[in-house]
Amino acid sequence: MPTVVQLRSQLEALGLPTTGKKSILEARLSKSNTSMVDLTNSNKKSRTRKTGPKSFHAAVAAGGDGSDVSPSPRKKRRTGRKSSNSSASSSSSSNKKTSAKKASAKKKAASKKSSSPDDDEDSDSDNDDDINVHEKSDMKTLSKLTRQAIESKYDISGKKGKEGTTFVARGKSGKEYAIKLFKATKSSAKIQREADFQALAAVHGISPRVMAVNTTQKYIVMEKLEETIVDFMKRKYPTQGEPRPLTNEQQDRIIEICEKLDEAKVVQNDGNPLNLMLDTNGTLMVIDFGFAKKIDKKVVKKRGSEPNINLTLWHFHRQLRHYKIMGPKLSERVDTYMRRFNASRKK
Ligand SMILES: Nc1ncnc2c1ncn2[C@@H]1O[C@H](COP(=O)(O)OP(=O)(O)O)[C@@H](O)[C@H]1O
Ligand SMILES: [Mg+2]
């Protein structure tokens, strides 16, 4: 088990950002070792590292103090315990200043890379881990909104949820973002945790990048997606009661999402189809890490080596059927996995 210091020095040697807590560092390192080229965001920009998980900013962009804890009734299926000890950096209004200081000190040592949008000078293209120059400048405003400002200024995306509501906000650059505004009673620590899990998934290109976390006003700013798979399929197949078949590509992508969640060591654990959304390219992404937990030994013991096939994919497949959205490859993948898993347990 490498220490945080060892992880940081390895990342530094690779020219990768060294910010964030241990799980983020590990994810970043393993990502850089395993698949350098298959990230959704990669394009022309060439740096030492070609892939563009521009994501863990999220994790980094956070660091709630957890002081404001009032357990929320809904998402209590969650069990993971450690909560953000990632207070090293944050874009939440409460601890931004400390973060800025730390980051600028670090910058002197390592000329590049930092964590919070405000501190980041390496901000050229969309292809970077780091938030780009437009996003950075947009976050100056969007990371410091009040709840009232969000509610009065912006339109809702989708439906008002139990846990909160997602709004669409336009930054000064013209770019749009999604702001997930939680119930005022939700604990800061839980919001931070949710953002951290999403950031881990975003490293794998399967979730929108987290741009900022405000644990005081209780919201997360992330990349905006276009529509849920449910709305998309209802548009494509408007006749009620008729089957709505997913394409092979869509089915493969949903399976890939679950496999990459396993790689990220995060069980998303909420296979509601409204948590599957398409981006502007029509690529499916997973959102909502409100039920997520870390894949530890206990989870593997109970659910096998692919907990997201066992739980998340199983759930997606069943729930999609409620909307007549059909995906035979999904059930095949789940069934094969479950057969093997159950057989291995009997031995
Ligand atoms: N990144 C996003 N871009 C656009 N809309 C989003 C985004 N994230 C969430 N939404 C909208 O908000 C809805 C609820 O978001 P979700 O994170 O699932 O909240 P909840 O925890 O209340 O289920 C989604 O189904 C979608 O319609
Ligand atoms: Mg949801």
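Start by selecting Ser30 in this predicted model: it counts as partly exposed because 14 C-beta neighbours lie inside 10 Å, a count that falls between the limits of 12 or fewer for exposed and 20 or more for buried. Show the cartoon as well, and you will find Ser30 in helix α2, which covers residues 22-34.

Ser30 and Ala264 are separated by 234 residues in sequence, yet their C-alpha atoms are 9.3 Å apart in space.

Next stop: a helix pair. Two packed helices are described by the angle between their axes and the distance between the axes. Select helix α9 (residues 248-263) and helix α11 (residues 307-322); their axes come within 9 Å and cross at roughly 145 degrees. The crossing of α9 past α11 is right-handed.

From α9, pick Ile254, Ile255, Cys258, Leu261 and Asp262; they meet Pro307, Asn308, Ile309, Thr312, Leu313 and Phe316 of α11. Sorted by class, this contact has 8 nonpolar, 2 polar and 1 charged residues.

For the last stop, centre the view on ligand 1. Which residues are the closest to ligand 1? They are Gly158, Gly161, Thr166, Ala178 and Asp288, out of 19 residues that surround the ligand.

Finally, colour by domain: domain 1 (15-107 + 133-223) and domain 2 (227-346) each give at least three residues to the shell around ligand 1.

Notes: Residues are numbered from 1 along each chain as its sequence is written. Chains are lettered from A and ligands numbered from 1 in the order in which they are written. This is a predicted model: local features need pLDDT of at least 70, side-chain atom pairs count only at pLDDT 80 or more; totals for chains, interfaces and linings use all residues. A residue is near a molecule or strand if its C-beta atom, placed from the backbone, lies within 6 Å of it. Domain bounds come from an automatic or database domain assignment. Helices (H or I, at least four residues) and strands (E, at least two) are DSSP runs, numbered from the N terminus. Axes are lines fitted to C-alpha atoms, for helices over the stretch in contact, and angles run from 0 to 180 degrees between N-to-C directions. A crossing is left-handed if the near helix is turned anticlockwise from the far one by less than a right angle, and right-handed if clockwise. Two residues are in contact if their C-beta atoms, placed from the backbone, lie within 7 Å. Ala, Val, Leu, Ile, Met, Phe, Trp, Tyr, Cys and Pro count as nonpolar, Asp, Glu, Lys and Arg as charged, and the others, Gly among them, as polar.
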